[in-house]
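The sequence and structure are shown first, and the description follows.

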Amino acid sequence: MFIEVKDLHKSYGSGDSYTNVLNGIDLSVDKGQMCVIQGSSGSGKSTLINCIGGLEVFESGSVVIDGVQLAGLSQDELSDYRKDYLGFIFQFYNLIPNLTVEENIEVCENLTDDPMDLDDLISTLGLEQHRHKFPTQLSGGQQQRCAIARALIKNPKLLLCDEPTGALDSQTSKEILILLEEVNRRYDTTMLIVTHNNAICRMVDKVIHIKDGVIGESYINESPVSAAALEDL
């Protein structure tokens with residue numbers, strides 16, 4: 001099992017402001033699976049992937065990624081875990097505005113000892129004609145492609161995607177999902193995708209629904225369709 005979460009608890013605040021966000025989460029994801037995590041606002045889905053990503057410290061429970069137990073790791077050890085294992089993609093691209101596409105990608109390339117080939121990645125993501133442009137010269141879809149390239153250059157074992165199509169129109173969303181599908185197929189990258197979009201559930205291997213900090217439903221998609229066949233994005 002590549003991802004194994006057991007009895008995960010996470011809360012914020014104290015007294016009148018105390019909020020229990022995760023209340024005993026159990027889930028597992030195999031190596032190379034694409035998995036969607038769904039839930040309404042406040043359900044705990046983003047907090048969950050932040051815990052898996054080592055960005056949030058949880059009170060109790062267990063998060064094991066490819067044999068690495070996150071509970072008890074120091075901040076330096078968590079930084080090493082994020083550097084060695086993870087790529088992050090967000091709804092808002094978080095590109096550095098005064099760096100070109102190529103330079104934005106190189107920022108993360110320099111963080112790893114075993115990066116992917118930069119030219120190959122730029123070609124795969126269709127960014128050849130844009131590599132020397134700045135973020136303000138790109139469309140939303142091109143900026144998201146750059147953000148994906150920046151995450152992938154580290155050759156991550158796990159890609160965490162928080163609403164990766166949330167700021168995009170339907171056609172561009174489909175293009176990004178086709179790209180993620182190709183990345184998964186080509187590199188066997190395990191992916192967790194937080195999304196409100198029900199259509200995306202049809203293309204992934206596993207779907208997990210969270211409600212009020214607990215898993216409400218979890219199922220394997222026996223007949224996933226290709227991203228190109230998705231409608232109503």
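## A pair of neighbouring charges

D84 is partly exposed, at 42% relative accessibility; this class lies between buried, which means under 20% relative accessible area, and exposed, which means over 50% (1.4 Å probe, protein chains only). K83 is also partly exposed, with a relative accessibility of 26%. Their side chains meet in a salt bridge, with 3.0 Å from N to O. A salt bridge is a side-chain nitrogen of Lys or Arg within 4 Å of a carboxyl oxygen of Asp or Glu.

## Basis of the description

This is a predicted model, in which local features need pLDDT of at least 70 and side-chain atom pairs count only at pLDDT 80 or more, while totals for chains, interfaces and linings use all residues. Residues are numbered from 1 along each chain as its sequence is written, and side-chain values use heavy atoms, with hydrogens and water left out.

## Salt bridges between separate parts

The structure holds 9 salt bridges. One of them joins R131 to E102, whose closest N and O atoms are 2.7 Å apart. R131 lies in the loop between helix 4 (118–124) and helix 5, and E102 lies in helix 3, so the pair ties together parts that are 29 residues apart in sequence. Helices (H or I, at least four residues) and strands (E, at least two) are DSSP runs, numbered from the N terminus. Both partners count as buried: R131 has 18% relative accessibility, and E102 has 16%. E102 and R131 also belong, with D119, to a network of salt bridges.

A further salt bridge is formed by K31 and D188, with 3.6 Å between the closest N and O atoms. This pair links distant parts of the chain, 157 residues apart: K31 is in the loop between strand 2 (19–29) and strand 3 (34–38), and D188 is in the loop between helix 6 and strand 8 (190–194). K31 is partly exposed, with a relative accessible area of 43%, and D188 is partly exposed, with 38%.

D7 is found in strand 1 (residues 3–12) and is partly exposed, with a relative accessible area of 43%.

## A buried lysine

K174 is located in helix 6 (residues 170–187). K174 is buried yet has no salt bridge, and the nearest side chain of opposite charge, E231, is 6.6 Å away. For charge, Lys and Arg count as positive and Asp and Glu as negative; His and the chain ends are not counted.

Which residues does K174 touch, not counting those up to four places away in sequence? They are A227, A228, L230 and L233, where contact means heavy atoms within 4.5 Å.

## Packing of two helices

Two packed helices are described by the angle between their axes and the distance between the axes. Helix 3 (residues 101–109) and helix 5 (residues 140–152) pack at an angle of about 30°, with their axes 7 Å apart. That makes helix 3 roughly parallel to helix 5. Axes are lines fitted to C-alpha atoms, for helices over the stretch in contact, and angles run from 0 to 180 degrees between N-to-C directions. Angles under 35 degrees count as roughly parallel, over 145 as roughly antiparallel, 65 to 115 as roughly perpendicular and the rest as oblique.

The crossing of helix 3 and helix 5 is right-handed; a crossing is right-handed if the near helix is turned clockwise from the far one by less than a right angle, and left-handed if anticlockwise. Where the two helices meet, V101, N104, I105 and C108 in helix 3 contact C146, A149 and R150 in helix 5.
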